[in-house]
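This briefing covers a sheet, the helices beside it and a ring pair. Please have the sequence and model open while reading.

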Amino acid sequence: MNQRTPTLLYIDDDGALARLVERGLTRRGYRVVHAASGEEGLERIRRARAEGGIDVVALDQYMPGLDGLETLEQIMAIPDAPPVVFVTASQDSNIAVTALKAGAADYLVKDVTGDFIPLLHVATEGALRQAELQKAREEAEAEIHASRDRYAALAAERELLLREVNHRVGNSLQIIASLLHLQASSAAQEEVKAALTNAMGRVAAVAQVHRRLYTSQDLKSVVLNQYLDSLLEDLRRSAEGNRMSRLTLKAEPIEIDPDRAVAVGIIVNELVMNAVKYAYPDGAGPIHVELTATGDDLLLTITDNGVGDAVKADPRSTGMGQRIVAAMAAKLDASVERDPAHSGTRIVLKFARVPASPGKTGTAAVG
């Protein structure tokens with residue numbers, strides 16, 4: 001494949017010197033085009049695409065009409081302008097500084113005999129390499145920006161889909177919970193009513209997580225104090241009479257992943273409903289849920305001031321609640337203990353803020 005001959009545009013009102021430059025650089029593999037003024041040089045650059053292009057410009061300073069600095073300023077304003085080597089007979093360093101600040105790739109001092117031509121060749125080669133590197137850098141940056149834009153678009157699309165999924169799942173679970181509530185309301189047998197109410201609470205605990213994810217800015221975490229507040233409000237509404245009127249919550253704004261939030265919600269649902277049914281045989285009483293952080297661990301406590309260990313075992317109980325709590329505690333890698341010093345019942349769960357490493361199992365010891 002033949003390499004294209006680079007084209008140099010030499011802008012100088014000295015025609016004799018221009019011919020020396022043409023002979024010298026042609027021998028070095030360049031095609032040289034001469035423009036006798038700044039205006040002519042600008043016109044050649046503007047129509048260069050139709051004529052094969054200008055790869056590099058050598059620009060003299062002192063010319064009639066537009067001088068070199070004025071011409072350089074206009075060249076730099078042309079889109080995709082070629083690199084410019086500024087050439088002058090002046091020894092004034094201020095001109096060099098001004099030209100380089102204006103965008104010239106290099107600067108050299110010329111003489112009338114053409115001895116500067118080898119230096120012009122070196123400067124031209126350097127300017128072309130610099131322009132190639134700049135173009136490659138700009139193309140790489142453009143590709144990086146395009147990749148970022150594509151990634152941002154994919155991330156936004158993924159977030160939108162996740163929100164839609166969480167919205168639909170949350171709605172579906174809420175419909176199931178509502179159906180269970182209707183069924184429980186129409187059930188004649190207390191055992192059936194209790195079972196359906198318990199199932200409704202478990203479904204609502206999961207539905208609340210999806211509702212939180214749908215309305216939150218962060219799809220990767222759930223803020224537990226907000227989640228538990230909504231969950232307990234659901235439990236208050238589902239309870240008959242005023243048995244849940246003294247249910248309270250104290251929780252710090254702790255964020256955890258959705259799967260672990262579901263486990264926490266189901267545990268709270270089971271233990272609160274257990275306290276509602278058994279802690280106060282003669283009516284309603286206080287039930288308090290608290291979530292605090294202690295270093296890298298989280299403490300979740302469900303407390304009542306009821307009968308505690310004095311409660312008689314309900315022969316209708318299937319033990320399903322305890323099995324669910326144990327299963328969710330294992331999912332959290334949590335310890336579950338009863339506080340023996342409390343007169344009523346206080347269940348304390350302790351688990352790590354960050355999920356434990358795979359293979360480690362939790363312990364559940366609910367008495």
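Thr 88 has Val 109 of β5 as its bridge partner. The model is predicted. Strands β4 and β5 run parallel and are joined by 4 bridges.

**Sheet**
- The open sheet is built from 5 strands with parallel pairing, in the order β2-β1-β3-β4-β5.
- At its edges are β2 (31-35) and β5, each of which pairs on one side only.
- From one strand to the next, the twist averages 20 degrees.

**Helices on the sheet**
- Helix α2 (residues 38-46) lies across β1 (7-11), β2 and β3 (56-60), and runs at about 135 degrees to β2.
- Helix α5 (residues 117-186) packs on the sheet and touches β1, β3, β4 and β5.
- The direction of α5 makes about 155 degrees with that of β4.

**Aromatic pair**
- The count of aromatic pairs comes to 1.
- The ring centres of Phe 86 and Tyr 107 are 6.3 Å apart and their planes are at 15 degrees, so the pair is stacked.
- Phe 86 is in strand β4 (residues 84-88) and Tyr 107 in strand β5 (residues 106-109), so the pair ties together parts 21 residues apart in sequence.
- Phe 86 counts as buried, at 0% relative accessibility.
- Tyr 107 is also buried, with a relative accessible area of 18%.

**Whole protein**
- The secondary structure comprises 9 helices and 13 strands.
- Of the 367 residues, 39% count as buried.
- Among contacts with a separation of 6 or more, 69% are between residues 24 or more positions apart.
- The accessible surface is about 20,300 Å², and 53% of this belongs to carbon and sulfur atoms.

Methods. Residues numbered from 1 in each chain as written. Predicted model: local features only at pLDDT ≥ 70, side-chain atom pairs only at ≥ 80, totals over all residues. Heavy atoms only, no water. Phe/Tyr/Trp six-rings, centres within 6.5 Å; stacked < 30°, edge-to-face > 60°. Helix = DSSP H or I, 4+ residues; strand = E, 2+ residues; numbered from the N terminus. Buried < 20%, exposed > 50% of the residue type's maximum accessible area, 1.4 Å probe, protein only. Contact = heavy atoms within 4.5 Å. Areas by Shrake-Rupley, 256 points an atom, 1.4 Å probe, with all protein chains shown as cover. Pairing = 2+ DSSP bridges. Axes fitted to C-alpha atoms, helices over the stretch in contact; angles between N-to-C directions.
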